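I set down here what I looked up in this structure, entry by entry. Conventions are noted where they are first needed.

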Amino acid sequence: MRREFVDAVLAVAALIPAGRVLSYGDIAELLGSGGARQVGRVMSLHGGAVAWWRVIRADGTLPNELMDRAVRRYQRELTPLMIREAGSAPKVKMQSARWFPDDDDFDRIEEIRLKTSLPADGMEP
DNA sequence: ATTCTGACTTGCT
DNA sequence: AAGCAAGCCAGAA
C-alpha cells in the first residue's frame with residue numbers, strides 16, 4: 001500500500017482521544033480512501049507507532065491476544081466496556097465509546113488528507 | 001489474469 | 001450468541 005495511506009491512517013489514529021475508539025472502517029471512511037481491511041493491514045504493520053488499542057473492529061473487539069493487552073489500557077483510560085462472563089474478554093461498547101470528530105477535528109483530518117495527497121472529499125467517479 | 005490471504009464488515013440463520 | 005457467506009480492498013505468488 002502507499003506510504004501516504006499508512007501515514008494518513010496513523011495520523012488519524014493519533015487524533016483519537018483517550019477513552020474513545022474508531023473502527024477500522026471508520027478510519028477508511030474518514031480518509032475517503034481504502035477500506036477496513038487496508039486500515040487493518042496498516043495497524044498490523046505499524047500499529048505499534050500509535051495508540052493501537054483505540055483502533056478496533058466494528059463490533060468492539062480485537063483479535064484475541066490483542067484484546068487481552070488492550071483491556072488494561074481500556075480500564076486505565078476509562079473506555080466504556082461491555083462486561084460478559086467472568087473470565088471471557090469484555091467488548092468495547094461502541095455506542096458510547098465511538099469517537100465523533102468535531103469541526104476542528106475534521107479540519108485536521110482534511111489537513112492530513114492534503115499532506116498525504118490522498119483522494120479529495122467524497123466524490124465518486 | 002487468477003488465486004489466496006488478511007488487526008475487516010454486514011446481513012442472515 | 002455464534003457461524004457463515006458474500007462483499008470488500010490490496011498485496012503477494
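**Entry 1: Arg2 and its partners.** I began with Arg2, which counts as partly exposed because its relative accessibility is 44%; the class spans the range between buried (under 20% relative accessible area) and exposed (over 50%), with a 1.4 Å probe and protein chains only. I then looked for a partner and found that Arg2 and Glu4 join their side chains in a salt bridge, at 2.8 Å from N to O. For this term I required a side-chain nitrogen of Lys or Arg within 4 Å of a carboxyl oxygen of Asp or Glu. By this rule I count 6 salt bridges.

**Conventions.** I note that this is a predicted model, in which local features need pLDDT of at least 70 and side-chain atom pairs count only at pLDDT 80 or more, while totals for chains, interfaces and linings use all residues. Residues are numbered from 1 along each chain as its sequence is written, chains are lettered from A and ligands numbered from 1 in the order in which they are written, and side-chain values use heavy atoms, with hydrogens and water left out.

**Entry 2: DNA strand C.** Which residues are around DNA strand C? I list Met1, Arg2, Gly34, Gly35, Arg37, Gln38 and Arg41, taking a residue as near when one of its heavy atoms lies within 4 Å of the strand. Of the atoms of DNA strand C that come within 4 Å of the protein, sugar and phosphate account for 70%. By class I find 1 nonpolar, 3 polar and 3 charged residues on this surface; Ala, Val, Leu, Ile, Met, Phe, Trp, Tyr, Cys and Pro count as nonpolar, Asp, Glu, Lys and Arg as charged, and the others, Gly among them, as polar. I looked up two close atom pairs on this strand. A polar backbone atom of Met1 is 2.4 Å from a phosphate oxygen of DNA strand C, and an N or O atom in the side chain of Gln38 is 2.5 Å from a base oxygen of DNA strand C. Both fall under polar contacts, that is, pairs of N or O atoms within 3.5 Å.

**Entry 3: DNA strand B.** I find 16 residues surrounding DNA strand B, the closest being Tyr24, Arg37, Ser44, Arg57 and Ala58. Sugar or phosphate holds 37% of the atoms of DNA strand B within 4 Å of the protein, and bases hold the rest. The surface has 9 nonpolar, 5 polar and 2 charged residues. Helix 3 (36-46) and helix 2 (24-31) each supply at least two residues, and helix 3 gives the largest share, 6 residues. Helices here are DSSP runs of H or I with at least four residues, strands are E runs of at least two, and both are numbered from the N terminus.

What does the side chain of Arg37 approach on DNA strand B? I find a base nitrogen 2.5 Å from one of its N or O atoms. A backbone N or O atom of Met43 lies 3.2 Å from a base nitrogen of DNA strand B, whereas the side chain of Arg57 has an N or O atom 2.8 Å from a phosphate oxygen of DNA strand B.

**Entry 4: helix 2.** I find helix 2 mostly covered, with 6 of its 8 residues buried. These are Tyr24, Asp26, Ile27, Ala28, Leu30 and Leu31. Their cover includes helix 1 (3-13), strand 1 (22-23), helix 3, strand 2 (55-56) and helix 6 (103-115).

**Entry 5: the core.** The largest nonpolar core has 35 residues, and among those with the most contacts inside it are Val9, Ile27, Val39 and Met43. Such a core is a set of buried Ala, Val, Leu, Ile, Met, Phe, Trp, Tyr and Cys residues joined through side-chain atoms within 4.5 Å. Helix 1 gives the most to this core, with 7 residues. Leaving aside neighbours within four places in sequence, I find Val39 in contact (heavy atoms within 4.5 Å) with Phe5, Val9, Tyr24, Ile27, Ala28 and Val55.

**Entry 6: helix 6.** Asp105 and Arg108 form a salt bridge at 2.7 Å, N to O. Both lie in helix 6, 3 residues apart, about one turn of the helix. Asp105 is buried at a relative accessible area of 10%, whereas Arg108 is partly exposed at 42%.

Terms used:
Polar contact = N/O pair within 3.5 Å; in protein donor to acceptor, adjacent residues only side chain to side chain.
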